[in-house]
Amino acid sequence: MKTLNLGILAHVDAGKTSLTERLLHSAGVIDELGSVDAGSTRTDSMALERQRGITIRSAVVSFVVAGVTVNLIDTPGHPDFIAEVERVLGVLDGAVLVVSAVEGVQAQTRVLARTLHRLGIPTLIFVNKTDRAGADPGRVLRQIADRLTPHVVALGRVAAAGTPAARWVPFRPDDPRHTTGLVDLLCAHDDALLAAYVADERAVTPARLRAALAAQTARARVHPVHAGSAITGAGVDDLIAGIAELLPAAEGDDDGPLSGTVFKVERGPAGEKIAYARIFTGTVRVRDRIRYRRDHEAKVTGIGVYDGGDAVPRDSVGAGRIARLHGLADVRVGDPLGTPPDRPAGRHHFSPPSLETVVVPVRVADRPALHAALAQLAEQDPLINLRQDDLRQEIAVSLYGEVQKEVIQATLADEYAVPVTFRETTTVCVERPVGVGAAVEWIGKDPNPFLGTVGLLVEPGPIGSGVEFRLGIELGSMPLAFLKAIEETVRETLRQGMHGWEVIDCVVTLTHGGYWARQSHAHGVFDKSMSSTAGDFRNLTPLVLMAALGRAGTRVHEPVHRFRLDLPADLLGVVLPVLAAHDAVPRGSTLQGGSYLLEGEVPAGRVHALEQRLPSLTRGEGTLEAEFDHYRPVRGPAPSRPRWDHDPLNRKEYLLAVARRVTARPQR
């Protein structure tokens, strides 16, 4: 049986989870429809999801239609949980993008549509909530063509829109208006079809047009549009038929080498890790030892394959399927299985979190439990970037927004019995080197207390390059374990630069390296005082690196978002001063009927405040889209990270603490 791994994506409150519930009901997987408001849907299984009525974690269910097993992945719609969507995109064969017939194209809709287009994921569009008062499917279809992609075609129309009797009426295959529009759209991407149509219109039959539509949809050239209501079920049967007919099934060779990716990790009832993985090629069997994340290897102790709703135990899972794998104790989100696939789940498609906060336990005695709990949450969402300040005994996390912070707080209290508060949310800046700096410490020469020589050169790297580590010494001049220790410590240390922010876009070159070989006394006992170890290099590297970085100098950069603001034309003069007060700089404006479209840049730290102001300024009609675009140098005095202490003694203690933390990590 063929398999299709399908994502359901939407802006929050477009009805995505309700549509998932309706698809399962129509396919016969569930006998009774659940409700988001009642907290009884199949995919929102977390207590917090049921309480808040929003999807927080991606969930997988399955159903069978027309001989195709559809693994349906319901994803969060709120932008604070975009990281969950990011991890799912790498395992999809196709997607359904849900748009509300009332609210129309919204900020997150545009972000998702651009990403689906960039990745070439075949996508159907479903205009939902056609039964709601104010629904206008025609207006929304025009918005989709104007704001998302012009390569769309409606496969029917909505009758009685905006009433409980709203229904989906598919176009007849011989409908002349529909046929003409479909021919125009498909011929733009198919020269053979165009030639056949010009030669003899009658040769291009409805069946041939439908086949061409399926082929171009599978290549993400065009996007068919359905409409209906997840609540009443209108249009859903046609959508299901379109999913089976128009979206391509998974491909892969069961007998090929194993290649897969882990897109989700959760904990089971006994605290064991469960990895959700897409298998692209090959087969995984119970008791197989599989390789993941470089040199990690573990035995698979259990497999669950999605069939008829939930995952059921199986002895094996083949190519194209999604499975729950047990036994991979150290597995992380984004880990490749076997040969790394071309589209890993850990690849970043959206902007990184631009906010951070310190998490403070209400009870001081809960600090160890807090760290353990946050470490488990970081397994599920690595982008929270859990960090601990050993000197101040503080724990910080990265965030996309305030709702995510509220969810973390509720999760810690409800699931881990650790009540917490938060410090003020701040913008996450970065540092970039502005010059070239070098430093070296020689073995056996004061003030170097460690048995190693390390020399490092720091210089700026290309924008977007991250951190590049180079060897300026011969590869065989030092043991590989020592070189690995130096590189790991360089990357760890650069998480906090001269002002406390992560250092990016730099090149670090190892210019000097030396060690004392393993030595023993005459009676054969190893003498640490005479022999270098990896620990010497983990302790020494931060001190040399920060000295070189200090000589190079760094400049703090803040994240800048590109914004797009739709507002009534008569309110432009009211809004412009408010944009200026929030350091937003319009770069262009377009008059569209009775509204203005403004585009420009705004510092990431001002976006939330701007979002709070706009509804009252624009009579609730203004819509703001903002997403990360680039980093720019901070104007004025460079801001330091709130927890960074510039006292030299404390800085040295901090650097040694970094070395101890790197040393304490399990070495693999």
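Helix H13 (residues 534-552) lies across E26, E27 and E30, at about 35° to E27. Contact here means heavy atoms within 4.5 Å. Helices (H or I, at least four residues) and strands (E, at least two) are DSSP runs numbered from the N terminus. Axes are lines fitted to C-alpha atoms, for helices over the stretch in contact, and angles run from 0 to 180 degrees between N-to-C directions.

The model is predicted: local features need pLDDT of at least 70, side-chain atom pairs count only at pLDDT 80 or more, and totals for chains, interfaces and linings use all residues. Residues are numbered from 1 along each chain as its sequence is written, and side-chain values use heavy atoms, with hydrogens and water left out.

**Exercise 1.** Determine the strand order of the open sheet of four strands, and explain why one side of E26 and of E28 is left without a neighbour.

*Step 1.* The order is E26-E27-E30-E28, and the pairing is mixed. Two strands count as paired if DSSP finds at least two bridges between them.

*Step 2.* Strands E26 (437-441) and E28 (467-471) stand at the edges; each has a single partner strand, so one side of each lacks a neighbour in the sheet.

*Step 3.* From one strand to the next, the twist averages 20°.

*Step 4.* E26 pairs with strand E27 (residues 453-460) in the antiparallel sense over five bridges; Gly437 has Val458 in E27 as its bridge partner.

*Step 5.* Helix H12 (residues 480-493) lies across E27, E28 and strand E30 (506-514), and runs at about 155° to E28.

**Exercise 2.** Which residues have the most contacts inside the largest nonpolar core?

*Step 1.* A nonpolar core is a set of buried Ala, Val, Leu, Ile, Met, Phe, Trp, Tyr and Cys residues joined through side-chain atoms within 4.5 Å; buried means under 20% relative accessible area, with a 1.4 Å probe and protein chains only.

*Step 2.* The largest core has 79 residues, and Leu19, Leu23, Val96 and Ile144 have the most contacts inside it.

Terms used: Buried < 20%, exposed > 50% of the residue type's maximum accessible area, 1.4 Å probe, protein only.
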